[in-house]
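Please have the sequence and the model open as you read.

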Amino acid sequence: MNTFVTATEAPSWEEGLIVGSGRIGAVAYGPADAITISLAHERYFLPVNPRPDAPDLTPVRERLRDALLSGDADVASEALGDGVRASGYDDGLIWTDPLGLCATLTIRAPGGVAESQRTIDPLLGEVAVEWTDLELRRHALRLIAPHGGEYVLLALESEPESTSIIELGLGAGAPASFDTGVPDASAAVSASVDGGARGLLVADAGDGSTAVRAAVTAVTGTQWQVDGDVTRSSVQTGPGASRLVRVDLTLPSNGHSVEAACVVPASWDTVRSEQRQARCPLTGASLLDLRGTSSASRTEDLWAAARAGDDGARRGVIEAAYLSGRANIIASTGELPPTLQGVWQGTWRPAWSADYTLNGNVQNGAMAGMTPTGTPELALSLLNLVLPHLDDYRDNARLVFGAEGMLLPSRMSTHGRADHFAEQYPHLFWTGCGGWVLRIVADVVATTGDRSIVDDRVWELAEGVLRFAETALLEVDGVRRIVPSYSPENTPEGARVPLATDATIDGAILRDAARATALLGRARGDDSLDERWSRVLRDLQPYRVAADGTLAEWLDPQWSENIAHRHASQLYPLWYEIDPAFDGDGEEATRLRAAASATVRNKIAWRAEAPTAPPGRMEMAFGLVQVGMAAAALGDAAAAETCVNWLAVEHWSPALTTTHDAGRIFNLDASGGLPGLVASMLLGSSTDSLSVLPALPATWPRGSVTGLRARGGLAVDRLDWEPQGASFTVRRLPGAGWLAPSAGTRMRLPRAAAIRVDGEPLTGTQLNIGGRPVRVELEWLRD
């Protein structure tokens, strides 16, 4: 089933239907006879908040470090406070500039509403509100945002002759369902409207070099009349044909013209046909079939059956979540990656500024499924976000750590300065963002074989991340230490503040950045950074097993574990290519895997005690992705499935949008995170190996998935499984031959199997894969 229906009403934008072209987004909500459409553009961030440089901590840096090395985080926090005040900071939190609301369009139809429903087609990217009026005559409003464009198309349909009124204005912006303390930006935005053959609204924000402008143009085929701060048009509809409306969003502040011709297509069939050609290759790149079954005709009924314990309905929910999650990410990835809210906005006070939170949301959330589910090209949008701000990163490194190189911030939207922090959230000391970006870029190279990605600018970033590691780490008694360090967003047990040393994720990312940079250098034909990375890692503290048997969240034993937290950052070594320290049959690798398994179990048990939104423990969807992906790497199918079920059942709305917590706060983390997690359960990879069905749950006895990607430039066109065995078709992409291991690609299987390759028995597990598809059939052997 690819088209879904819901009867649940949408009184606010957070429950609305969404369409997106990647560059712009529209969300439709409200009663059927007075539908409001909120419009947003991926680059319309409102320049309303201060943008100071990171604080200069030179006067307090030694005191801060000495305090942390002695285990006194309170004194360290006092030193930080002294330093930031001396740099001109007050006690207020400086927020990133928020994603702005460009305009609202309201469509008012006569006749009242007797009954209504909403439909969603994730593959095509079409949504509709359909209703009958009080005389039981049918009406509909359909929306598509053509992929890659900067406009939305609407189709108004009516069984009787009818006149609808369309209003274009800035809109008041509905309050968000959750207040994170973001300042109201509405006072900083002014708008003007104009009429005539086109309705025009221009929204301005900021002044001087930071000013931005959004222009929204609507074409209905009839005249527009200005009435105060809105402009209106009357549209006649009737039987036999749709009335099409085109709404364009442009940013003149980015050099775009508002005078472009707004051509309205000839028919809605034409709109669908063009959208099918542009978008469906992306949304259809990977499809999941778990043999889900349900008699439910509406999403709310399907989800209710899943919550009631119907296994077939639960599989159906996961299929729908996989499809719609990927569609939501595709719809909100343009030049830039999705923000916390994708490219959708309906308020002047968005939760957490609707920014890019880079200590996990972007990577474990929005971007988690891009590369493994067949759309690695989307992940390159991350470079468009981070590469324009290299000088800011150099300033961060110098001012905060007294180091050279580049320190990327944990949060950003319009700049790269590390100025968003507080005592309880000392984000400026989280050092992992740069290395994490290198891993994401390396995985795109590893799955596509495209060497051109590693241009001079990417290499400059890689060198900057390394140079920071070379100069920021302290050598203490022959050991390289990360001081200060911050494990997002956790506080050691018994401590008042989160400041610490040697967060496990920091060390893990340093190790992973070295492996990622080695691949980027290989693509570039430059191994100049390899030896320098080796020097950085040589004396780094090893991974540690905590006293409670879990994988320690801090490498330094003076910081106590705090398992009761939504993040699971210490599990980073298992999210991508498995860290060599955790791989193999050696005693130390076995010990670390057992500790990571204990962390997975304890995190799940903690959430299971109160699996509801706060004050319950089902908070922050991407924390489930972190736990689930580690479980998949460890072969713990049951734990991974638990995380998938919680994500799909509790973090999806009837409109197939997703939430930050169970059932609340519009957010895209689950949309990207669930497909990435499911993909990791079905296929894992390293540069020279394929892990086939590493964590297949017993409740998924039969199924198939198409379009998965693996490192080594491999495309697994189709993977099928049943209780007796599995089969898959794999090929190496054109231009990816340089990634092929000389000894062949090793298969890792969850159990012993008889293997046939293109119909012939295979001895061993080494596959020789070229550009021609290879068919592999597995028959499980009895234990």
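Which residues does Ser 233 touch, not counting residues up to four places away in sequence? Ser 233 touches Ser 164, Ile 165, Ile 166, Thr 220, Thr 222, Gln 223 and Trp 224, where contact means heavy atoms within 4.5 Å.

This is a predicted model, in which local features need pLDDT of at least 70 and side-chain atom pairs count only at pLDDT 80 or more, while totals for chains, interfaces and linings use all residues. Residues are numbered from 1 along each chain as its sequence is written, and side-chain values use heavy atoms, leaving out hydrogens and water.

Two residues can be set side by side here. Buried stands for under 20% relative accessible area (1.4 Å probe, protein chains only). Helices (H or I, at least four residues) and strands (E, at least two) are DSSP runs, numbered from the N terminus.

| Residue | Element | Relative accessible area |
|---|---|---|
| Ser 233 | strand β15 (residues 230-237) | 1% |
| Arg 607 | helix α14 (residues 587-608) | 3% |

The side chain of Ser 233 also makes a polar contact with that of Thr 222, at 2.6 Å. Such a contact is a pair of N or O atoms within 3.5 Å; within protein, one must be able to donate a hydrogen and the other to accept it, and residues adjacent in sequence count only if both atoms are side-chain atoms.

Arg 607, leaving aside neighbours within four places in sequence, is in contact with residues including Arg 566, Glu 619 and Trp 646.

Definitions and conventions. Buried means under 20% relative accessible area, exposed over 50%, partly exposed in between (1.4 Å probe, protein chains only).
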